[in-house]
Amino acid sequence: MSQLEVADMVVEFAQRRGAPLRAVDHVSFVLRAGQTLALVGESGSGKSTIVRALGRLQETTAGTVRLDNELVPQKGRALKSYRRRVQLVFQDPFASLNPAYSVAHHLRRPLLVHGHTRARVDQDIEALLASVNLVPPAEMMKRFPHELSGGQRQRVAIARALAPNPDFLLADEPVSMLDVSIRLEILNLLDDLKSQRNLALLYVTHDLATARHFSSEIMVMYRGQIVERGASDDVILHPAHPYTRLLASAAPHPERAVLAAAGSNGEGTSAGGGTVTDEERTRRAGEAREAATGNACRFIARCPFATEQCHREPPELEVSTGHQARCWLYGSANVPERQGSGARAS
Amino acid sequence: MSAAAGGGERTSPARVVHGPPVPVGKERNQSGPSRAGEVVLWAEDVRVDYMGDAPTHAVRGVSFTLRRGEILGVAGESGCGKSTLAYAVTRLLRPPARLVGGTVRYWDTPRGEFVDIMRMTPEQLRRWRWEKVSMVFQSAMNALNPVTSLRRQFGDVLRAHIDGISSDEVEARGRRLLEMVGIDPARIASFPHELSGGMRQRVGIAMALALRPEVVVLDEPTTALDVVVQREILNEVRRLQAELGFSVIFITHDLSLLLEICDRLVVMYGGEVAELGPAARIAGGAAHPYTRGLLRSTPTLFGDRKELAGIPGSPPDLRKPVKGCAFAPRCPHAFDLCLQERPVLAPPVAAGAQEAAMAPELADRAPIGTGAGTAAGTAVGPGPDGRPGTRAEWEAACHLRGAVTGPVAAPAAGAQGGGP
């Protein structure tokens, strides 16, 4: 079974002044065939940098990527077979397709590059279009990007990624540019393709709800680090890291309105009430744009539970089986300190 | 409660129109929460075209009212006309967009009557904008001037509307406004690029509130922000709204967000109102199949995992005339009538009548309008209280008349058989 293993990936960007900006800080994870791993976090947390580094569009500063236990080089001809197996779907289907070329052109090139014969290529294009439900394929392949809706364009982008018959698909916010009513169709399509082709899918998003619904595992990223990871239901229903709890409480809750309509006050899922001061503190601190200094926890300035020991770098600690958080709260001696967490975590 | 106000205005249109659905007090010079519930903005049968070889009928007969102190959400996908509608009711449309029909009236408190905004003189309009109605745009970066400090931008607004305001006063008010939206007043010397996305949007809100308007239109104010910042902005809007008592028109494609923060909701599809009603009731069980589809398209964070489906198909081409219901080609419940006749807004029937609604004789029972009137139903028949012309609190433009209501969480799987 194929797997893609990322170990201690570090990506730094040089800055005109001062130390380089560390966008990805010692990140490790494994993508396995037939599974979807979701990577969530706010803008600027490093999600897209990981995708770009994994797609070898961005050089890593340190760390290794192994494909089926073989080290993947940073660049060079040897990457061709890697690229065949690892493909990307980008966020903006309006920018990722060339407006001057037809749909067929977009699909023909990867097919030819990866060894399909010219004689059969049109048939293969039609098969690809059919596999992403762009029908009738013979008609669709003649179209140009401006003749397609956003959802159709994203289907073309997915078909293009599937052209070399990859084992890994890295989808960087594949639906955030699309309309709500279209999003689920694209996500369902990705999910079906994953099952049919036994793909390993990395789903990068800032939307916790779809992350939970379409992935088996979730990693939460904050300022370049994975702060929490685990089975998706564990992470969303029982968020451990204060940042994940903040994310979960900030997401829209139509259920609250439903509960309100039903006469209940929805307290169980609400982050309101007693935690207003926490939120207030988090907000003010967030605006101060704290610079992460030294080894301190990156979330320290916004964290309502911060203590002295948070100035030391927090390790990844086990919250429950297979569920880890990079937070001192989960050191065995510290569990009692989680005061007030009940209201936010549930 | 009587719909007595606005008398002067009501006689002016050529055809007889019913009064605003919600009573408007006659009292003058009264403000604040005591008058909550009055109509401040009354749009009726608004139609907007984008001119061209084939005009796009972007807004096709939309009516709604905005009440004092409420948050009215406008939801729909891109191209449904929600932003165009917002520009129409604030008279911000620019060519090629043109208001081709309908009226928009604003309740002028000092005068105690409705004023037709299309008949305002340029000077009246200049005063009306920002002093009475202001707007917050999606992209705060583009809404703020990148080459001047916040101080000067506050100054621009204040000087344009307050004659002879001193520099000290500008400074003091600018600082107060920043403080009001939770930004350090010292930031008044900052340039927009020195602020984070969330802070810029706060500044946008502060600017919109600079002259204490009665209506604030928020056009996708949080779409470019991530969830945590979005939540902060929403809380800020709600807090300020409770404090200052202005009314909000909140436009976004994110229905789940609207359900949570709005008092009432307008769901638009293909330039028309598909459904209009209290957010809490729509959350409990939307009446229009499109609203239900939208709700099913957004997975809930904490609910059970379930099979999720989007809405197959794509929105109608608004350059062509739309026959029947605009949503019919995508609707799982569509039947013959839906393709022929445009449904008018009408109160949904109770969920209990579901079986009856699925029966074939539905076609005889369902339509209460002929479709000849406007889609938004100025010609709607008697409301639940029997008074002619009174609009119901909750209405949907669907021949099924909401007969598929019920918990949204369970997709109406069996309902598929409802259509022939």
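Visitor: Leaving aside its neighbours within four places in sequence, which residues is Val227(A) in contact with?

Guide: Setting those neighbours aside, Val227(A) is in contact with Val220(A), Tyr222(A), His241(A), Tyr243(A), Gln324(A), Ala325(A) and Arg326(A). Contact here means heavy atoms within 4.5 Å. Before we go on, this is a predicted model: local features need pLDDT of at least 70, side-chain atom pairs count only at pLDDT 80 or more, and totals for chains, interfaces and linings use all residues. As for bookkeeping, residues are numbered from 1 along each chain as its sequence is written, chains are lettered from A and ligands numbered from 1 in the order in which they are written, and side-chain values use heavy atoms, with hydrogens and water left out.

Visitor: How do you know whether Val227(A) counts as buried or exposed?

Guide: Buried means under 20% relative accessible area, exposed means over 50%, and partly exposed is in between (1.4 Å probe, protein chains only). Val227(A) has 3% relative accessibility, so it counts as buried. You'll find it in strand S10 (residues 225-231) of chain A; helices (H or I, at least four residues) and strands (E, at least two) are DSSP runs numbered from the N terminus.

Visitor: What makes Tyr222(A) and Tyr243(A) an aromatic pair, and is it stacked, tilted or edge-to-face?

Guide: The structure holds 10 aromatic pairs over all chains, and in this one the rings are 4.5 Å centre to centre with 45° between the planes. Rings of Phe, Tyr and Trp (its six-membered ring) pair if their centres lie within 6.5 Å; planes under 30 degrees apart are stacked, over 60 edge-to-face, and the rest tilted. So 4.5 Å passes and 45° makes the pair tilted. It links distant parts of the chain, with Tyr222(A) in strand S9 (residues 217-222) and Tyr243(A) in helix H10 (residues 242-250), 21 residues apart. Both Tyr222(A) and Tyr243(A) are buried.

Visitor: Why does the pair of Tyr222(A) and Phe299(A) count as edge-to-face?

Guide: The angle between the planes is 90°, so it clears the edge-to-face cut-off, and the 5.1 Å between centres clears the pairing one. This pair spans 77 residues, from strand S9 to the loop between helix H12 (276-287) and strand S11 (316-320) of chain A. Tyr222(A), Tyr243(A) and Phe299(A) form one aromatic cluster.

Visitor: What makes Arg312(A) a charge over the ring of Trp328(A)?

Guide: A charge sits over a ring if NZ of Lys or CZ of Arg is within 6 Å of the ring centre and within 35 degrees of the ring normal. Arg312(A) lies over the face of Trp328(A), 4.6 Å from the ring centre. Chain B has a case too: Arg105(B) lies over the face of Trp42(B), at 4.4 Å.

Visitor: Why do Asp122(A) and Arg108(A) count as a salt bridge?

Guide: A salt bridge is a side-chain nitrogen of Lys or Arg within 4 Å of a carboxyl oxygen of Asp or Glu. Here N to O is 3.5 Å, so the pair qualifies, tying helix H4 (residues 121-131) to helix H3 (residues 103-113) across 14 residues of sequence. Asp122(A), at 38%, and Arg108(A), at 26%, are both partly exposed.

Visitor: How far apart are the closest N and O atoms of Lys194(A) and Asp191(A)?

Guide: They are 3.3 Å apart, and the two residues form a salt bridge. Both lie in helix H7 (residues 180-197) of chain A, 3 residues apart, about one turn. Lys194(A) is buried at 13%, whereas Asp191(A), at 23%, is partly exposed.
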